[in-house]
Amino acid sequence: MACRLFESADHTATYAKFRSFWTTDITDRILTYLREKLPAPYDHAIDVGCGSGQFTQLLAPHFKQVTGIDISANQVSEAIKGNHRKNITYKTGSGECFPIADQSVELVTCVQAAHWIDMDKFYAEAYRVLKPNGCVVLATHSTPILDSNPHGNQLTKYVTLYEEKLWEASCCDERMKHVYNRYPDDVFACRPPLEDHLRDETITLEHDLKVENIIGFFRSMSPYVIYVKKYSNGEILETLQRDILQTLGGNATLDTKLRVTLPVTLLLSRKPGFKT
């Protein structure tokens, strides 16, 4: 990956703690797509831009070997610390040059990271490492919606206002707009000779999270890290926390739980099979 925003040990530790959103609903959908033209069993999957390995772990039950790749040595270190599966290996590497042999994997995933990567180079590498009929999948989720409370609309507005303040403070990389726009096809659709481009926006992630974890998620985002460096006395996140707790009212604390919904976008494609 050309962009390096997840480098410090403190940041990557926060990321590892508060980014466990992905569920087996996503891997089930990916495997359904993979099986359409390539039956199990499967030897090898790679997770590019793996971060601290949350999604990499979900792939492990379905492959003999899974390799997580990230450009940040500290992200890889966090992934290794949190790894309890013998068939997962983590490597330092970029999203444009995978440390993987030609035609050796059935699946390439890139979860919540494609907006940082040169997609032409990424897809060229995916084509190189995939076996015939192997698949490549991009995944992203949109901004959390806090919708489990009578005040859900107001709580979600606070989140929107928080993000707007980060943009106004020039702390957000322009590439993050692709996340809000759900990975538009003109930027993220597969390149030939990859084929069968499919967009799936039918899945949502739903979690009951403590307010503490919701605030932790926003603390883990790269724009907030930039904000803190630029404005050491800024209280943008403290304001968000205070507004949420005040709106919840009563005895609300950081342990109070809210239902959080995250709309998911999947972009699926595959390498052509052998011609007969």
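**Note on a predicted model**

1. K177 has a relative accessible area of 38%, so this residue counts as partly exposed. Its side chain meets that of E174 in a salt bridge, with 3.1 Å from N to O. Elsewhere, salt bridges with shared partners connect E36, K37, D196 and R270 in one network. The model is predicted.

2. A search of the whole structure gives 19 salt bridges. One of them pairs D196 with K37, where the closest N and O atoms are 3.2 Å apart. This pair links distant parts of the chain, since D196 belongs to strand 7 and K37 to the loop between helix 2 and strand 1, 159 residues apart. Both partners are partly exposed: D196 has 34% relative accessibility, and K37 has 41%.

3. Which residue forms a salt bridge with K131? The partner is D43, and the closest N and O atoms are 2.9 Å apart. K131 is partly exposed at 21% relative accessibility, and D43 is partly exposed at 32%.

4. The loop between helix 2 (24-35) and strand 1 (44-48) also holds P41. A cis peptide bond, with omega about 5°, joins A40 to P41. There is another cis peptide bond between P192 and P193, with omega about 10°. P193 lies in the loop between helix 8 (185-188) and strand 7 (195-200). For background, most peptide bonds are trans, and most residues other than glycine have a negative phi.

5. Q112 has a positive phi, near 55°, and sits in the loop between strand 4 (105-111) and helix 5 (119-129). With a relative accessible area of 14%, Q112 is buried. R182 has a positive phi of about 60° and belongs to the loop between helix 7 (177-180) and helix 8.

6. Which residues of helix 5 are buried? They are M119, F122, Y123, E125, A126 and V129. These residues lie on the same side of helix 5, because they cover an arc of only 160° around the axis. In an α-helix there are 3.6 residues a turn, so residues three or four places apart point the same way. The cover over the buried residues of helix 5 includes strand 1, strand 4, strand 5 (130-141), helix 8 and strand 9 (257-270). At the start of helix 5, a side-chain oxygen of D118 comes within 3.1 Å of the backbone nitrogen of D120.

7. The largest nonpolar core contains 59 residues, and W22, I26, F63, F218 and I244 have the most contacts inside it. Strand 9 gives the largest share of this core, six residues. A second, separate core has 25 residues, including C110, V129, Y183 and C190. Neighbours within four places in sequence aside, F63 is in contact with L31, L34, Y42, D43, H44, A45, N87, E106 and L107. In soluble globular proteins, nonpolar side chains tend to be buried together.

8. T247 is part of helix 11 (residues 236-248). Is T247 buried or exposed? Its relative accessibility is 17%, under the 20% cut-off, so T247 counts as buried. The side chains of T247 and Y158 are joined by a polar contact of 2.9 Å. Residues up to four places away in sequence not counted, T247 touches H151, Q154, L155 and Y158.

Definitions and conventions:
Residues are numbered from 1 along each chain as its sequence is written. This is a predicted model: local features need pLDDT of at least 70, side-chain atom pairs count only at pLDDT 80 or more; totals for chains, interfaces and linings use all residues. Side-chain values use heavy atoms; hydrogens and water are left out. Helices (H or I, at least four residues) and strands (E, at least two) are DSSP runs, numbered from the N terminus. Buried means under 20% relative accessible area, exposed over 50%, partly exposed in between (1.4 Å probe, protein chains only). The arc is that of the directions from the helix axis to the C-beta atoms. Contact means heavy atoms within 4.5 Å. A polar contact is a pair of N or O atoms within 3.5 Å; within protein, one must be able to donate a hydrogen and the other to accept it, and residues adjacent in sequence count only if both atoms are side-chain atoms. A nonpolar core is a set of buried Ala, Val, Leu, Ile, Met, Phe, Trp, Tyr and Cys residues joined through side-chain atoms within 4.5 Å. A salt bridge is a side-chain nitrogen of Lys or Arg within 4 Å of a carboxyl oxygen of Asp or Glu.
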